[in-house]
Amino acid sequence: MPRCHTDCVERPLSRCFGALGRCVGRYPLPFLLVPLVLSAALGSGFIFLEEMQSRASGIEDQFTPVNGIAKGERLVVQTNFPREPDGPGQQFSSQRLITEGTYGSLILTSTSGNILTDDAFGKILKINNQVLEMEVENHQNFSTLCAFNGAHCLTNAILELSGTGTPGFPKVIHYPINNGVFLGTSVGGVQFVGQSKEIKSARAVRLFYFLREEDNATLNTLWLNKFIVTASQMKETEVDVSCFTSLSREEEFEKSSDSVISLFSVTYALAINFSIWSCMRLDCVRNKVWVAAFGVLSAGMAVLSSFGLLLYCGMPFSVTVASAPFLILGIGVDDMFIMISCWQQTKVKNTVEERMAAAYREGAVSITITTLTDAAAFALGVLTPFRSVWAFCAYTGMAVLFCFLYNLTFFGAFLALNGRREASNRHWFTCQKVQEPGEPGSRSKLNSMCCVGGVYDQVTGTEKPMPVNSFFEKFYGPFLTKGWVKVCVVLLYAGYLATSVYGCFQVKEGIDLKNLASDDSYLGRYYDDEDEYFSQYGPSVMVVLNDRDFKYWDKSAQDQLQRCLETFENLKFENKSLVDGQLTISWLRSYLFYGAIKNLDLSNEVTFITNLSSFFSSSPNTNLFRQDVNFSLPELKIYASRIFIQTVNIKTANDEKNLLNLLRETAKSELCPRSLGVYHPAFIFFDQYAVIVSNTIQNLVLATVIMLVVSLMLIPNPICSLWVTFAIASIIAGVSGFMALWDVNLDSVSMINLVICVGFSVDFSAHISYAFISSPKTTANDKAVDALVRLGYPILQGALSTVLGVVVLAASVSYIFRTFFKIMTLVICFGALHGIMFLPVFLTLCGVCGGKVQDQKENQEGDYDGRDFSKDFTKNRCGTARGPAVYGALPQKFSDDTAIIGCVSGGNEKQHREVIKDFIHWCELNPLHINASKTKEMVFCRKTTQTTLVNIQGLDMVMFHLPCTTQVVLSGPSGTETQKTGGLGCLRGVLAAELLAGPGGGCWAKKLAAGGHPWWLLLHQVLCRTPDSFAHRMPSKRHFRDLWHRDTEDGAL
């Protein structure tokens, strides 16, 4: 099958990085010092950290949708029903607050089973008095700061039940309405007498202490802080106390980020130790301990520079950003492993510049892919409506870019300096020169270990591979490709997928507000008590009619509004009532009843509007309705009005989501007047349910598309995109399902991690699938083993480094950081599992490129075996994962009797030697190994001349001087071909023979230039079949291509 050449981006990019690597290798000090200075300069931006944290301190600002519907509804309420100034004579109503208000609250629970006893009542009064007597600056106490109900402070209705007689609860209390007072939010855990509404016992009582908000912000804050301190010290027998204030969520949320600061040092210690152990060698020269340490330092500098830069730019610093350094550390260490792996695959006898160029050509492209995929995933954060996601993605995305920059400059410069040390065979710690292996002298084993170094593979000329690679080659790979093991893997994947799908249906949406505080916060206990005892009655929802043209006095309009209201009151979900119709508060119903008593003709517009004021003044209860109607007597106009419905049975996040959706659907239905809306301060937080799923799906789809585009541009094999798509979908399904089973909700925090999941999925899937496809092995099982040998250890190395970067977050007391740890652990574990188990097995079962991989049959026509070797000259890739480098190190094979023949006149060998140098360089870049020990130089000359020996891989070639004849006989597929050499003077050539040839791999020669051209090039047939892969590196590129096309057309090739 013809191959698709899709390396039009990768190839020139590789060349550019090669040039950069050569420059870094030549001038390492500037690339080492400039990032240090830049990092120090940008790091000074941390002086603005506290200011940027204050800009992102609000829970509503960070964790609710920026364009949430409830925020628009709140603006309507604020415009039409402005809050009246607090003070004596005003009637305060918490039900009518646009926000939560400013208050403190206590939940008192009985350990004996009933809080409504005389003994418990005395203890409740004692606790209440402690609160009322608290003083702050200038003897300010609750009586001077409280919200007024008429001329007195607003009190708790439950404490007024005793009346003026003997202190204690009355013998008979009805629930939820007792003598016209609503007790649904004050008494909880209620047991009834039979089927009646009479309370038999109750487990909890809740007390509220509302403060005035005007011009009292400082004093209110002081009082509320003292309220928490006092409540925390309250101890009464048989009564437990939990407390909460309107400031608690914000204050505890800000403290949660402090819990991870101490974990930074632990994380970096783990990363340094893991990196050092991974890069440690017993060879005292090849040891890369300092390289590993500087790799971790590079990641730390990236965090410092990126954060400092964005702090300078005024980017708010959300608490979610505090988890970014842990992720960046893992990414930076992975990139370091890629560069080290590529460096180890370069020729140790080459110059440092050449080794750096080769390492950059291979590793930098791999790092570029992972950087682009991760940066693209974070860039999608701007599409989400949550500012906490914006901040995290901005800081982390910038850190990824700096990590990439510093890896190519700062870390690369130190790698070059370390390479100079290795080139001079100096000890890794003392930098003193040590003996090379094989040098004469008797040495002890200890002396050999400490003072002898510089070992390398004499066959490949590169550093010796890690011993763990043999595990994949000799044990794991052959084991995984056994038939019965494949069956077990398929069954395991089926179980994984089934569990993932099941988990996806268990996903809960939205972030629980109590999770924004740390586990040891007092908020947790209060929220638990509230959920257990006060979940029967939910928020009292405003039904707001914002229609200036609505005719309240018209009978048909009244009927329409009444039908709409009844629809709200009859709302159910899964046969469960969501609204208690008996608790509806409607000014219009009361007004119509008032009009009937007063014999008012309320069907008349003027009468209807002019009598509103007298209705409001008729009683204390109707006086509250004054806050529910926005009207103008001079204009005889009602601008807006509101009615309250009491929700019930709202116990879970799913109940909150269903309630919000049903209320809004009803408000927009044809049964209700136009411009009707619903609002409660809690809806600001409920709004996350309306967007979290759709935004997550949108981001995942866009991220997947971007990943595929990047992969197709930089990975020159389109078939990989199919496996990339499969792996991304599989890993996302697994993470989504298992996170639900691990008690993680789908919220703005987990949404961040799911988008990251796409980027990490690409790292594992693209590399392993391409390694399989590009492997020169002939069977599917061999290809799978070959891919695992090259990428098994790098995948494990990268996965471990990333998990170590976040594992300390498991010890965090904050839900946000534990969620980050859980999802990142799932992402990395499932990614690695796909890379080293699922994908290799599926690739062997399904085949690639539209057909099954099978043994290649040799074509015995002549010496040509019929194989398409063009794939074996695809550029070599090395590295690790997260990843592994893009393509893996391809085996080197398939060459026999390659010859370069040139004519040298007048002793000028420059052009001939350049041809040899270019050919050797090309072989190093591609999977073609030159066996220098069997390569000879033959000189046909009339007389022996003294010339410089050709040097290949550090070895001087043996020169044979042969008599000059009139012809050279060259073997070929169709016999022999005679080339006259008379008059050409000396014919000199390099014959590269015995180059790890495969069985049946014969060779032939073809004249590629004639006439006055000074040289001939004789190559293996694969080079002739792929002129673009070699001709651009040789002289006479155009002439070479013309001859190739000509010979192809006339059948010569």
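Biologist: Does Ser 39 count as buried or exposed?
Modeller: This is a predicted model, in which local features need pLDDT of at least 70 and side-chain atom pairs count only at pLDDT 80 or more, while totals for chains, interfaces and linings use all residues. Residues are numbered from 1 along each chain as its sequence is written, and side-chain values use heavy atoms, with hydrogens and water left out. Buried means under 20% relative accessible area, exposed over 50%, and partly exposed in between, with a 1.4 Å probe and protein chains only. Because the relative accessibility of Ser 39 is 3%, Ser 39 counts as buried.

Biologist: Which residues does Ser 39 touch, not counting those up to four places away in sequence?
Modeller: Ser 39 has its place in helix H2; helices (H or I, at least four residues) and strands (E, at least two) are DSSP runs numbered from the N terminus. Contact means heavy atoms within 4.5 Å. With residues up to four places away set aside, Ser 39 touches Met 301, Leu 304, Ser 305 and Tyr 406.

Biologist: At what angle do H2 and H14 pack?
Modeller: H2 covers residues 28-43 and H14 covers residues 387-423, and their axes are 8 Å apart. Axes are lines fitted to C-alpha atoms, for helices over the stretch in contact, and angles run from 0 to 180 degrees between N-to-C directions. The packing angle of H2 and H14 is about 140 degrees.

Biologist: What does that angle make H2 relative to H14?
Modeller: Angles under 35 degrees count as roughly parallel, over 145 as roughly antiparallel, 65 to 115 as roughly perpendicular and the rest as oblique. At about 140 degrees, H2 is therefore oblique to H14.

Biologist: Which residues of H2 make the contact with H14?
Modeller: On the H14 side the contact includes Phe 402, Tyr 406 and Arg 420. Ser 39, buried at 3% relative accessibility, takes part from H2. The H2 side consists of Pro 28, Phe 31, Leu 32, Pro 35, Leu 36, Leu 38, Ser 39 and Leu 42.

Biologist: Which residues of H29 make the contact with H16?
Modeller: The axes of H16 (residues 468-480) and H29 (residues 780-806) come within 8 Å and cross at roughly 125 degrees, which means H16 is oblique to H29. From H16 the contact draws on residues including Phe 472, Glu 473 and Tyr 476. From H29 it draws on Val 785, Leu 788, Val 789, Gly 792, Tyr 793 and Leu 796.

Biologist: With which residues is Gly 805 in contact, leaving aside neighbours within four places in sequence?
Modeller: Gly 805 lies in helix H29 and is buried, with a relative accessible area of 2%. Its C-alpha is 8.8 Å from that of Ile 331, although Gly 805 and Ile 331 are 474 residues apart in sequence. Neighbours within four places aside, the contacts of Gly 805 are Thr 267 and Phe 326.

Biologist: How many residues apart are Tyr 496 and Phe 830?
Modeller: Tyr 496 and Phe 830 form an edge-to-face aromatic pair, 5.1 Å centre to centre with 75 degrees between the planes. Rings of Phe, Tyr and Trp (its six-membered ring) pair if their centres lie within 6.5 Å; planes under 30 degrees apart count as stacked, over 60 as edge-to-face and the rest as tilted. Tyr 496 counts as buried at 6% relative accessibility, and Phe 830 at 10%. Tyr 496 in helix H17 and Phe 830 in helix H30 link distant parts of the chain, at a separation of 334 residues.

Biologist: What percentage of the residues of the protein chain count as buried?
Modeller: The secondary structure of the chain comes to 34 helices and 25 strands. Of its 1053 residues, the part that counts as buried is 55%.
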